[in-house]
Amino acid sequence: MSKKMVTLNELLEIKDFAERVTLVNKHGNLNNQITHVTIMEGPDLHEWVTGGEFVLTTWYAFSKSPDLQEDGFKKLAPRISAIGIKTGRFINKIPLKILQLADQYRLPVFEVKTAVKFRELVQTITSEIQNYQTNMLIEVEKNYQKLIHTSLNSDDLASLVNVLGNQLHKNCFCLNHEGKILASWSRRGTRKQDFLDWTEKIKTGFNERIYTDAGFFINELHIFECYARSQLIGRFVIVAEGQLTEKERLIGQQGASFLAIKLWDHYETLQKTVERFWKEIKNGEIKSGEVIAEKLANLGFVQQKAYNLILFSKGSHNISNYLIDRFLIEEEKFYILLCSSKEALTSINIFKKYNKEQNKIAAAVISPEFTELERIKEHYEMSVNVIRLL
């Protein structure tokens, strides 16, 4: 069995570390796991960390611009595992407000003695991490072999998710490209509703996601995207408070790669069904509202009282990432969204936020509200004419 991840508690047991630093706040989580050491001095520290860092700094940038330190520290604290600040060079003591903020985020703050060289701390911490990583990689390789064996002997997504869940010992699940749960692994006491709530949190919180070097997270949901042939076809989600360990991140990445292979068949089959259905509507082969409603129901679309059709120009080529769990059809020049009238404005607002965030120039056209599904073709043709003018 591999050694557990290096924590701050373990580092404090090492004489070479403990003699060079002093823990100066009361409520830091000493079980935080350290994956690497980073020495930084810029005011934009938060933009250069990915999780698990023990940051060492002289506070030089903030000593020159003290008005930036509180806002900068608020952005940095949730993203790292610990910070060591050297005093006696550019600041005489760590600001009280910084210590108070650190306690709010349960981030351990260490004062580094003036005479201590950062390279001495880096060497001590890094040697512990390397010892862990050697054993961890052996364990991850064993998990990789289990995934290969399972993938070759079963076409079932649930079998792969079970292997991943048993290795992680955390709630995890697999979503398709529409945001629907296809397989899950749960800890004792977890309810089915919990998974539905987590899925909803991904859908509603997508604009607030925070990227890491291995995907992104939304609150306690760590999300690994599954790609095949440059197409996003699903997501693997690990539920965990705080940061994932390096081993957990590697297992998450492995899982996303193996699940993508299985998800492609599911994705391709569904896309062909949707494309065939949409072609039949455009060609006038299906005219009955009842038949259209039945086919939509088979594709997971819930019948509504009133509908809108929205066309998004292809300048928004990643809009499908933002409109998960929607009935979205991709054509050569634009996306077509069929939604309830209640959802239409929400979808347009998501599109606006996306364009602003991605600095995209793109257009959207929304049809008048209609209640009869047999009018889809009419509203589609009208919307196409409008978007071409735009």
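Here is a short tour of the structure, stop by stop.

You're looking at a predicted model, where local features need pLDDT of at least 70, side-chain atom pairs count only at pLDDT 80 or more, and totals for chains, interfaces and linings use all residues. Residues are numbered from 1 along each chain as its sequence is written, and side-chain values use heavy atoms, with hydrogens and water left out.

**Stop 1: the largest pocket.** Select P78, E241, G242, Q243 and L244, which lie nearest the centre of the largest pocket among its 38 lining residues. A pocket here, on a 1 Å grid over the protein atoms alone, is an open set of points with protein on both sides within 12 Å along at least five of seven lines, while a cavity is a set where a 1.4 Å probe fits but cannot get out; lining residues have an atom within 4 Å of a point. The volume of this pocket is about 780 Å³, taken as the space filled by probe spheres set on the points, with grid points joined across faces, edges and corners. Now colour strand 8 (210-212), strand 9 (215-218), strand 10 (221-228) and helix 9 (246-282), the elements that each give two or more residues to the lining. Helices (H or I, at least four residues) and strands (E, at least two) are DSSP runs numbered from the N terminus. By class, the lining has 15 nonpolar, 16 polar and seven charged residues; Ala, Val, Leu, Ile, Met, Phe, Trp, Tyr, Cys and Pro count as nonpolar, Asp, Glu, Lys and Arg as charged, and the others, Gly among them, as polar.

**Stop 2: the largest nonpolar core.** Which of the 28 core residues touch the most other members? Pick V161, F224, C226, I233, F236, L259 and L263. Such a core is a set of buried Ala, Val, Leu, Ile, Met, Phe, Trp, Tyr and Cys residues joined through side-chain atoms within 4.5 Å. Buried means under 20% relative accessible area, exposed over 50%, and partly exposed in between (1.4 Å probe, protein chains only). Helix 9 supplies the largest share of this core, eight residues. Centre on F236: leaving out residues up to four places away in sequence, its contacts (heavy atoms within 4.5 Å) include L164, F173, F224 and L259.

**Stop 3: a run of rings.** From F173, step to F195: the two rings pair edge-to-face, 5.5 Å centre to centre with 85 degrees between the planes. Rings of Phe, Tyr and Trp (its six-membered ring) pair if their centres lie within 6.5 Å; planes under 30 degrees apart are stacked, over 60 edge-to-face and the rest tilted. F173 lies in strand 6 and F195 in helix 8 (residues 192-204), so the pair ties together parts 22 residues apart in sequence.

Stop 4: Select F277, W278, I281, L296, L309, F327, I329, I336, L338 and I376, the residues that line it. The volume is about 40 Å³, and the lining divides into ten nonpolar, no polar and no charged residues. Helix 9 turns up again, giving the most to this lining with three residues.

**Last stop: T58.** Is T58 buried or exposed? With a relative accessible area of 5%, T58 is buried. Find T58 in the loop between strand 3 (53-57) and helix 3 (60-64).
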